[in-house]
Amino acid sequence: MLILDRYLTREIAKPLFVFCGGLLLLFANFTAIRYLNQVADGVMPAQSVLPLVLVRAVVALEIMLPIALHLSIVVTFGRLYTDSEITALFGSGVSPARIIRIVFVGSLVVAGIVACLSIYARPWANQTRYRLERQAAADIDLNDMKPGHFYENSAGTVLFFQQRDQSSGRMQKVFIQSRSEDLVRLIWAEEGYYPEPVGTSAGQTLVCSGAQIYEISRDQGRVRQATSDGLVLEWEKSHALSEEYRRKAAPTWQLARSDSPKDIAEFQWRLSTPVAAFLMGLLGFPLSRAKARQGKYAKLFVSVLCYVIFYNLNMMARTWVAQGVVNTVPGIWWVHLLLGVLVAGLLWRRITHP
């Protein structure tokens, strides 16, 4: 029996590493392309791309491990069915319950890894990610900006310019919009430039020449117009991120003490990911049953479809909890309860009808 345990565990582990590595590679590729586009647009320095891709891969790993485990179990036992190895095992006196126990232990180990990733690594990686993004935003100066793009700082000021003079590096045809509680300011300037470098902790000074200034009062609807040949503006750097970012980076113990529906939704999500990994691993065994002529990949489409349905239901339940549509009890757990009932029914059928 120990030989059987090692054999099945090894056969499941091989495609698990392949699927997980492939998914991570695809995710890292798409994430790197997204950040490289921001580098090309001048809103992020190139040296920030690799650290950001790595920390985002850590967060994505808690989602990729369950689907990789599920697919590896389906592929492994699909091959065993098509090669008649399962038939030989049953004929040798090995019961389906024995095989289910091996899948149970393997799924439990992966669920433990996912729990560590979700409870501890996820908030650390998100906190690191947002710190790197703030630092990347602070490292961008006006001379790195590209024409034809809209840029917005932490104060909500929007900057756009049509072209840049190749010799002087000055921006031309500059549009700037800023807002306050009751005032909207629009600035159109023939030219704008960044006079001198400043420290990374300070804002950047933008000088606009040939500027037309329009101030629109929201309450009274009045418009004031002015002109300036040397308008000086402070382009503030990013200082803070949104509330959602802080919540994703908050320690798990802090979320556990919160009464906010959004914090509770995030807390339940972190606790639910290892449960999802465990159930998806068990679901892989009954879904892997295939006939000799079907091939070991015959049930992959059904397996992927089951995971997509479960994942979307889980995301929907999380949104409902965050918005207060569903109470914290049952919270998002009703989705896992449905999956658990389905898994228990399918496993019982496999035990009674091998």
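## Helix H2 against helix H8

The angle between two helix axes runs from 0 to 180 degrees and is taken between their N-to-C directions. In this predicted model, the axes of helix H2 (residues 49–82) and helix H8 cross at roughly 155 degrees and come within 10 Å. Because angles over 145 degrees count as roughly antiparallel, H2 is roughly antiparallel to H8. The crossing of these two helices is right-handed.

On the H2 side, the contact is formed by Ile63, Pro66, Ile67, His70, Leu71, Val74 and Val75. On the H8 side, it is formed by Leu300, Ser303, Val304, Tyr307 and Tyr311. By class, the residues of this contact are 10 nonpolar, two polar and no charged.

## Leu71, a residue of helix H2

Leu71 belongs to helix H2. Its relative accessible area is 9%, and Leu71 is therefore buried. Apart from neighbours within four places in sequence, Leu71 is in contact with Phe19, Leu300, Ser303 and Val304.

Leu71 and Phe285 are 214 residues apart along the chain, yet their C-alpha atoms are separated by 9.9 Å.

## Helix H7 against helix H8

Helix H7 (residues 261–287) packs with helix H8 (residues 300–323) at an angle of about 165 degrees, and their axes are 10 Å apart. This angle makes H7 roughly antiparallel to H8. The crossing of H7 and H8 is right-handed.

The residues of H7 in this contact include Pro261, Lys262, Trp269, Ser272, Met280 and Leu287. Those of H8 include Ser303, Cys306, Tyr307, Phe310, Asn314, Arg318 and Ala322. The contact of H7 with H8 comprises 15 nonpolar, four polar and three charged residues.

## Asn314, a residue of helix H8

Asn314 lies in helix H8. With a relative accessibility of 3%, Asn314 counts as buried. When residues up to four places away in sequence are not counted, Asn314 touches Trp269, Ser272, Ile332, Val335 and His336.

## Helix H2 against helix H7

Helices H2 and H7 pack at an angle of about 10 degrees, with their axes 8 Å apart. An angle under 35 degrees counts as roughly parallel, and H2 and H7 are therefore roughly parallel to each other.

From H2, the contact draws on Glu62, Ile63, Pro66, Leu69, His70, Ile73, Val74, Phe77 and Tyr81. From H7, the residues include Trp269, Thr273, Ala277, Met280, Gly281 and Phe285. The classes represented in the contact of H2 with H7 are 13 nonpolar, four polar and one charged.

## Val158, a residue of strand E2

Val158 is located in strand E2 (residues 158–164). At 16% relative accessibility, Val158 is classed as buried, since the cut-off for this class is under 20%.

Neighbours within four places in sequence aside, Val158 is in contact with Phe150, Tyr151, Glu152, Phe175, Ile176 and Gln177. Val158 and Arg179 are 21 residues apart in sequence, and the distance between their C-alpha atoms is 9.4 Å.

## Confidence of the model

The protein chain has an average pLDDT of 84, and 86% of the residues score at least 70. Over residues 198–202, by contrast, the pLDDT is below 50. Beyond near neighbours in sequence, this stretch has five contacts in the model.

Conventions: Residues numbered from 1 in each chain as written. Predicted model: local features only at pLDDT ≥ 70, side-chain atom pairs only at ≥ 80, totals over all residues. Heavy atoms only, no water. Helix = DSSP H or I, 4+ residues; strand = E, 2+ residues; numbered from the N terminus. Parallel < 35°, antiparallel > 145°, perpendicular 65-115°, else oblique. Left-handed = near helix turned anticlockwise from the far one by under 90°. Contact = heavy atoms within 4.5 Å. Nonpolar A, V, L, I, M, F, W, Y, C, P; charged D, E, K, R; others polar. pLDDT = per-residue confidence, 0-100. Buried < 20%, exposed > 50% of the residue type's maximum accessible area, 1.4 Å probe, protein only.
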